[in-house]
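Subject: Structure handover

Hello,

Here is the structure I promised you. Please open it alongside this note; what I found follows below.

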Amino acid sequence: MSKTVIVVDDSKLSRMHVRAMVSRNKPDWSVVEAANGDELFRTLQDTPVDVAIIDYNMPGDNGVDTAAKLRRSHPQVHIAVITANAQDAVVSGIRAVGAAFMPKPLEEEQVVRFLNSTALPRRQTPQDQAQQE
């Protein structure tokens with residue numbers, strides 16, 4: 001099933017790198033790009049997405065804040081946050097919003113695993129579990 005991925009990163013080179021990995025492994029999927037969280041939400045007004053790959057370090061909202069806003073506004077989207085910052089607080093923040101953590105330097109195998117995981121139901125957040133109780 002074809003999906004649309006949005007790559008959110010202020011580095012055009014990094015966006016191109018992730019786009020190339022997605023296109024090589026999921027050639028029937030569409031890829032769009034955004035330079036930051038604001039551009040992500042502007043893009044979502046016209047382009048529905050199934051998967052978001054978001055860099056942690058961006059101007060404005062960081063990747064976790066952006067992922068949290070995306071989770072609230074589009075709960076069905078599969079989200080991964082990319083970062084070289086593997087501190088417990090960052091990783092737990094990523095997981096708290098139901099996003100996958102992908103460490104930098106980004107390896108293609110990690111991206112492929114994440115993309116393949118989007119065929120499964122998305123990860124539940126503590127808030128999701130609380131709402132189900």
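Two strands count as paired if DSSP finds at least two bridges between them. On that basis, 5 strands form an open sheet, in the order β2-β1-β3-β4-β5, and the pairing is parallel. β2 (30-34) and β5 stand at the edges with a single partner strand each, so one side of each has no neighbour in the sheet. On average, neighbouring strands are turned by 20° against each other, direction ignored. Keep in mind that this is a predicted model.

The annotation

UniProt, in an unreviewed entry, lists residues 4-119 as "domain: Response regulatory". That span is 45% helix and 22% strand. Its end C-alpha atoms lie 13 Å apart.

The β2 side of the sheet

Strand β1 (residues 4-8) pairs with β2 in the parallel sense, over 5 bridges. Val7 stands opposite Glu33 in β2. Helix α1 (residues 12-25) packs on the sheet and touches β1, β2, β3 and β4. The direction of α1 makes about 170° with that of β2.

Asp55

The unreviewed UniProt entry also lists Asp55, as "modified residue: 4-aspartylphosphate". Asp55 lies in strand β3 (residues 51-55). Is Asp55 buried or exposed? Its relative accessibility is 4%. The cut-off for buried is under 20%, so Asp55 counts as buried. Which residues does Asp55 touch, leaving aside its neighbours within four places in sequence? The contacts are Val8, Asp9, Asp10, Gly63, Ile82 and Lys104.

From β3 to β4

β3 and β4 run parallel, and 5 bridges join them. Ile54 has Val81 as its bridge partner in β4. β3, helix α3 (residues 63-73) and β4 make a right-handed β-α-β unit.

Look at α3 next. Gly63, Val64, Thr66, Ala67, Ala68, Leu70 and Arg71 are buried in this helix. Gly63 is also among the contacts of Asp55. The cover over the buried residues of α3 includes α2 (37-44), β3, β4 and α4. At the start of α3, a side-chain oxygen of Asn62 comes to within 2.8 Å of the backbone nitrogen of Val64.

Strand β4 (residues 78-83) is mostly covered, with 6 of its 6 residues buried. His78, Ala80 and Ile82 point one way from β4. Ile79, Val81 and Thr83 point the other way. Of these, Ile82 is in contact with Asp55.

From β4 to β5

β4 and strand β5 (residues 100-103) pair in the parallel sense over 4 bridges. Ala80 stands opposite Ala100 in β5. The chain crosses from β4 to β5 through helix α4 (residues 88-96), and this β-α-β crossover is right-handed.

Asp128

One more residue to check. Asp128 is found in helix α6 (residues 126-132). At 14% relative accessibility, Asp128 counts as buried. How far is Asp128 from Val77 in sequence and in space? The two are 51 residues apart in sequence and 14 Å apart in space, C-alpha to C-alpha.

If you have time for one site, start with Asp55 in β3. Then follow the chain through α3 into β4.

Best wishes

Methods. Residues are numbered from 1 along each chain as its sequence is written. This is a predicted model: local features need pLDDT of at least 70, side-chain atom pairs count only at pLDDT 80 or more; totals for chains, interfaces and linings use all residues. Side-chain values use heavy atoms; hydrogens and water are left out. UniProt positions are given in the numbering used here, feature names are shortened, and annotations may be inferred rather than shown by experiment. Helices (H or I, at least four residues) and strands (E, at least two) are DSSP runs, numbered from the N terminus. Buried means under 20% relative accessible area, exposed over 50%, partly exposed in between (1.4 Å probe, protein chains only). Contact means heavy atoms within 4.5 Å. A crossover is right-handed if, with the strands pointing away from the viewer, the path from the first strand over the helix to the second runs clockwise. A polar contact is a pair of N or O atoms within 3.5 Å; within protein, one must be able to donate a hydrogen and the other to accept it, and residues adjacent in sequence count only if both atoms are side-chain atoms. Axes are lines fitted to C-alpha atoms, for helices over the stretch in contact, and angles run from 0 to 180 degrees between N-to-C directions.
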